[in-house]
Amino acid sequence: MNTRLTSAAFAASGVLFLIYPAVRPSGDDAAAMASGAWVAGHLAAMIGFILAGLAVLGLHQVLGDRLSLRAAVVTWIGAGLTLPYYGAEDFGLNVIAHRSLRDNAPALMELAQEFRYGPVAVTMFASGLALLGVGTVMAAVAVWRSGVLARWSAVPFGVGFALFIPQFFGPYSLRIAHGALIAVGGLLLAAELWRARRAAAGPGGR
């Protein structure tokens, strides 16, 4: 990935993680899960995870050090472990909720809880998010050490992903604030990559 694409990936990923809680219904009942907003919000998060992995890989190509490469690998593994859970949460629970409402069968929603707290599913989910946090923090450390980008520029993005699991236990307003933190982090990194690219190109460079 070139610097432009890396910058775009960070910016888009950050914005998508703000769209996710802003669009997703705050409730977890059948009406919320059956809505189009449920599908759209979770889909935004899934695309955001993919773009975050691509962005950290592009960051390694900018920095060219071992730590940023390890960060990219850990981030990719984390995204890979997280995405199956999000896919089932998005599409599977949406189907269950539609059937529950259509057939007036509230008991069907018990299936949602069985999926969410199944030992294999929840372990993959938690492990994936934890690895995403580790990978993005590693990327922030690589940026801090590099001298190529502003030292602090990757800190908000890394902190946002490190807080991904804890924010689930707060009020929904905290989840929106968390999405805003990742958005700010992605946009800051995008702007810093763009600035560094222009500086490297010199006066009149493109």
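Phe10, Phe17, Tyr20, Phe49, Tyr85, Tyr86, Phe115, Phe125, Phe157, Phe161, Phe164 and Phe168 make up one aromatic cluster. The model is predicted: local features need pLDDT of at least 70, side-chain atom pairs count only at pLDDT 80 or more, and totals for chains, interfaces and linings use all residues. Residues are numbered from 1 along each chain as its sequence is written, and side-chain values use heavy atoms, leaving out hydrogens and water.

Rings of Phe, Tyr and Trp (its six-membered ring) pair if their centres lie within 6.5 Å; planes under 30 degrees apart are stacked, over 60 edge-to-face, the rest tilted. The count is 14 aromatic pairs. Two of them are tabulated here.

| Pair | Geometry | Centre to centre | Angle between planes |
|---|---|---|---|
| Tyr20 and Tyr86 | edge-to-face | 5.8 Å | 65° |
| Phe49 and Phe164 | tilted | 5.6 Å | 40° |

Tyr20 sits in helix α1 (residues 3-23) and Tyr86 in helix α4 (residues 66-102), 66 residues apart. Helices are DSSP runs (H or I, at least four residues), numbered from the N terminus. Tyr20 is buried at 5% relative accessibility. Tyr86 is buried at 2%. Buried means under 20% relative accessible area (1.4 Å probe, protein chains only).

Phe49 lies in helix α3 (residues 36-63), Phe164 in the loop between α7 (155-162) and α8 (172-201), so their pair ties together parts 115 residues apart in sequence. Both Phe49 and Phe164 are buried.

Thr136 belongs to helix α6 (residues 119-146). Thr136 counts as buried because its relative accessibility is 2%. Beyond residues up to four places away in sequence, Thr136 touches Thr75, Phe157, Gly158 and Phe161; contact means heavy atoms within 4.5 Å.

Methods: Helices (H or I, at least four residues) and strands (E, at least two) are DSSP runs, numbered from the N terminus. Buried means under 20% relative accessible area, exposed over 50%, partly exposed in between (1.4 Å probe, protein chains only).
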